[in-house]
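I opened my notebook on this one to look up its charged pairs and strands. My entries follow, in the order I made them.

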Amino acid sequence: MNLGDPPPRRRPSLTPMIDVVFLLLVFFMLSSRFGVDLQVPLNVAGSASGAYSGPPRLVDISPGSVRLNGTEMPIAELPAALEDLVESREDTIVLRARDGSELQRVVSVMETLGQSGFGKLVLVENGS
């Protein structure tokens with residue numbers, strides 16, 4: 001018994017599957033967050049309320065070093081060194097970027113101080 005040629009095989013269309021994958025891709029791209037925004041509270045010199053009191057607390061931030069009142073130290077030791085110079089953690093600390101220091105370097109110092117509880121940071125312009 002000869003039934004003849006087998007019927008031609010139909011290939012399923014891949015177009016609907018490609019459309020679904022594309023829509024999923026677009027959905028996940030639009031709903032994903034690729035970075036977290038960071039807000040750093042900052043006072044600009046001259047806008048801080050209240051008078052400055054106590055010993056000097058000037059932090060010079062250079063590309064290769066951090067200096068507290070002219071004494072070079074690692075960033076990690078900065079909060080401990082500031083403890084001796086403040087009455088409370090709400091005392092003003094003056095930050096000054098020097099010698100072409102990058103913004104990320106300044107933000108790293110600010111984050112270190114902020115995590116240690118120092119909240120009143122004032123950024124001054126480099127006068128030289």
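**Charged pairs**

I began with Arg-67, which forms a salt bridge with Glu-72, closest N and O atoms 3.5 Å apart; a salt bridge here is a side-chain nitrogen of Lys or Arg within 4 Å of a carboxyl oxygen of Asp or Glu. Before going on, I noted that this is a predicted model, where local features need pLDDT of at least 70 and side-chain atom pairs count only at pLDDT 80 or more, while totals for chains, interfaces and linings use all residues. Residues are numbered from 1 along each chain as its sequence is written, and side-chain values use heavy atoms, with hydrogens and water left out.

How covered are the two partners? Arg-67 is partly exposed at 33% relative accessible area, and Glu-72 is partly exposed at 49%. My cut-offs: buried is under 20% relative accessible area, exposed is over 50%, partly exposed is in between (1.4 Å probe, protein chains only).

I looked up how many salt bridges the structure holds, and got 3. Another of them joins Arg-89 to Glu-83, with the closest N and O atoms 2.3 Å apart. Arg-89 is partly exposed at 34%, and so is Glu-83, at 33%.

Then I checked Asp-60 and Arg-96, whose side chains meet in a salt bridge at 2.6 Å, N to O. This pair links distant parts of the chain, 36 residues apart: Asp-60 sits in strand 2 (residues 58-61) and Arg-96 in strand 5 (residues 93-97). Asp-60 counts as buried, at 12% relative accessibility.

**Strands around strand 5**

Which way do strands 2 and 5 run relative to each other, parallel or antiparallel? They run parallel, joined by 4 bridges; I call two strands paired if DSSP finds at least two bridges between them. Leu-58 has Val-94 in strand 5 as its bridge partner.

Strand 5 also pairs with strand 6 (residues 121-124), again in the parallel sense, over 4 bridges.

Strand 5 is mostly covered, with 4 of its 5 residues buried.

**Whole chain**

I counted 3 helices and 6 strands in the protein chain, taking helices (H or I, at least four residues) and strands (E, at least two) as DSSP runs, numbered from the N terminus. The pattern along the sequence is α-β-β-β-β-α-β-α-β. Buried residues make up 23% of the 128 residues.
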